[in-house]
Amino acid sequence: MNRRRAALALALLAAVIAALLSLTLGRHHIPPAQVLSEIVAWASGSPGSGSAIHSILFEIRLPRICAACVIGASLAMSGAAFQGLFRNPMVSSDMLGASAGAGFGAALAILLGGHPAVVQTAAFACGLLAVGVASAIGHAVARGSSAGMIALVLAGVLVSTLFSAGIAATKFCADPTNTLPAITFWLMGGLSDVRGSQLAWLLPLSACGAIPLLLLRHRLDIMCFGDDEARSLGIDVSWMRPVIVLCATLLTTASVALCGMIGFVGLVIPHLARLLVGARHADVLPVSCLLGSVFLLGVDDVARCAFPLEVPLGILCSLIGAPFFLWLLVRGRRGWQ
Amino acid sequence: MKLACSGLSCGYGGRAVLTGIDLAFSSGDALCLLGPNGAGKTTLFRTLLGFIPPVSGAVALDGRDIARLSRRELARAIAYVPQGHTPPFPFQVMDVVLMGRNPHLGISQSPGDVDRGIARDAIDRLGIGTLSERPYTDLSGGERQLVLIARALAQQARLVILDEPASHLDLGNQVRLLARLRELARTGIGILMTTHNPQHAFLWADRVALLAGGAGCQVGPPDEMLSRERLSVAYGVDLMVVEANAHGERVRTCIPLLPAVDPDRKTCPR
């Protein structure tokens, strides 16, 4: 119990420190003391010192950092929920086709010359559509038999493949001088365009996914034991499963629609969380959220600052995530045996 | 509390595997559902638990059709102990037993101190107190089975259905498990256990439901159901039922017989 509390407190501390540190980092370095004084000034309602630093902090960095926190947390949490629901530690947050669907929606919208807001909406809608189609196929194939989970996983693979083909087709049709690079760049993922207005719809959508999952944390534990046992323990699986899929999908799709295809967070972070606090979702979900935030903040800082040109976040996530996952594998398999 | 069905047909996708099942078991019963592989034991108990709908007929809990009861209501009355399995994540034993409290909790409610106390009692009743902090995934098959039974006790259901609880255990653990289950039946919990091993029925059951291909389900006292004729037909092999006197108590068991070897044949039969 104490170990769990300590891990949660440490993760929270790490997230706060990472967020504050990220505020100081960037092309224009702002010393921590000045960041703090700006925040204090902002909180107390006074206009703050220099207008340039103020606008860098609050109009560019803060929205981006908030987005990195929310997206990291969302992807990690939906990954943890999907892993629990599918009883499979190799499952990740985009397992039912959310990423491929969102990518297709965005690519199509860019091809048709959509405004950035339209691109985001199309990505979100197609992400939901992909998961909806996968769920419908899984449901139709299984028809109440005990193979429901496998049918759903296979349907997810199928739908992902279809939408990936759709992305490729869209790229094929795109103009190689302008829309094709735009599509490619969107797919690689990044947070450079995030502004406060986008947070305004990311936050409520993520909350709609996260709050029910947190409330259902104990039921999620039971779902790890399979449908029959969940039923015998008083859970109506026929609605619990869609509710969890819907919440996790909202989290993934809202994130991916804003930042492009970012992999690995939803696979790696829940493992790390389980290694630290054990299997209970009451611990895994909040710790995954915090660690996901820390991870994506860190990677985004590297993306922003390490190179003269900003590196797409999706590339870095996989570049940093894969060796990290390897380390976890070698370190010990305690997280999922 | 009584779970009963009469004229029940069960199977998958509208195709009946078993028909004309008449079965009832109540609190305090020790009922053994015996049958060879593929006889339909799993289909029958999954129907009794409401996991699959009956093809025709109904299962009634105290006279009420279980299809009309909510999962929560059903779970407070009937607990299910699956075959020992490995979940993918290392839950602690205490957490697994606490899951038994779920049907007594609200949809987003966490288990509280009272639930923790009930879970601890269940763990103590099965004598696995030393395991409560261990990861469930690290336990042996026999220990896991005891944890799952503790979970059923924490569920405070009056009826418990166990699926092949002893099939993966060594002889000592089989006997210890059957002894625990007998004690529980004596405390007023109704226990239905499926098994493909007649020894378990001989040792343990007050009543036996014998499932044998084509003959449907015959229910009766062990002496009547576990006869040489019935068992030979059910399993399709020759066997003998023998009696022994153990510390003044009559015990019965069966000994399977291999087909006689033809002395003229020198090579192994293919």
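Student: How many residue pairs are in polar contact between chain A and chain B?

Tutor: The model is predicted. In it, 11 residue pairs, both at pLDDT 80 or more, are in polar contact between chain A and chain B.

Student: Which elements of chain A supply at least two residues each of the side that touches chain B?

Tutor: They are α3 (51-85), α9 (217-223), α10 (227-232) and α11 (237-259). The largest share, 5 residues, comes from α9(A).

Student: What is the make-up of that side by class?

Tutor: The side of chain A that touches chain B has 12 nonpolar, 9 polar and 12 charged residues.

Student: How many residues of each chain are in contact?

Tutor: 33 residues of chain A are in contact with 33 residues of chain B. The area buried between the two chains is about 2800 Å². Carbon and sulfur atoms give 60% of that area.

Student: Which three residues of chain A supply more of its buried area than any other three?

Tutor: A:Arg219, A:Phe225 and A:Leu233. They supply 23% of the area that chain A buries against chain B.

Student: Why is the pair of B:Arg46 and A:Asp228 called a salt bridge?

Tutor: Set the distance against the cut-off. The closest N and O atoms of B:Arg46 and A:Asp228 are 2.9 Å apart. A side-chain nitrogen of Arg must lie within 4 Å of a carboxyl oxygen of Asp, so the pair qualifies. The count between chain A and chain B is 4 salt bridges.

Student: What other salt bridge does A:Asp228 form, and how do you know that it counts?

Tutor: A:Asp228 also forms a salt bridge with A:Arg231. Their closest N and O atoms are 3.2 Å apart. The limit is 4 Å, so this pair counts too. Both residues lie in helix α10 of chain A, 3 residues apart, about one turn of the helix. Over all chains, the structure holds 21 salt bridges.

Student: Which elements give two or more residues to the lining of the largest cavity?

Tutor: α10 of chain A together with α2 (71-77) of chain B. The largest share, 3 residues, comes from α2(B). By class, the lining has 5 nonpolar, 1 polar and 2 charged residues.

Student: What is the volume of the second largest pocket, and which residues lie nearest its centre?

Tutor: Its volume is about 640 Å³. B:Phe202, B:Leu203, B:Trp204, B:Val251 and B:Arg252 lie nearest its centre, out of 28 lining residues.

Student: What makes B:Phe202 a lining residue of that pocket?

Tutor: B:Phe202 is listed in the lining because it has an atom within 4 Å of a pocket point. In chain B, α6 (171-186), α7 (198-204), α8 (222-225), β11 (239-246) and β12 (249-256) each supply at least two lining residues. The lining divides into 15 nonpolar, 6 polar and 7 charged residues.

How values were computed:
Residues numbered from 1 in each chain as written. Chains lettered and ligands numbered in written order. Predicted model: local features only at pLDDT ≥ 70, side-chain atom pairs only at ≥ 80, totals over all residues. Heavy atoms only, no water. Contact = heavy atoms within 4.5 Å. Buried area = accessible area lost by both parts, 1.4 Å probe. Polar contact = N/O pair within 3.5 Å; in protein donor to acceptor, adjacent residues only side chain to side chain. Helix = DSSP H or I, 4+ residues; strand = E, 2+ residues; numbered from the N terminus. Nonpolar A, V, L, I, M, F, W, Y, C, P; charged D, E, K, R; others polar. 1 Å grid on protein atoms, 1.4 Å probe; cavity = no way out; pocket = protein on both sides within 12 Å on 5 of 7 lines; lining within 4 Å. Points joined across faces, edges and corners; volume = space filled by probe spheres on them.
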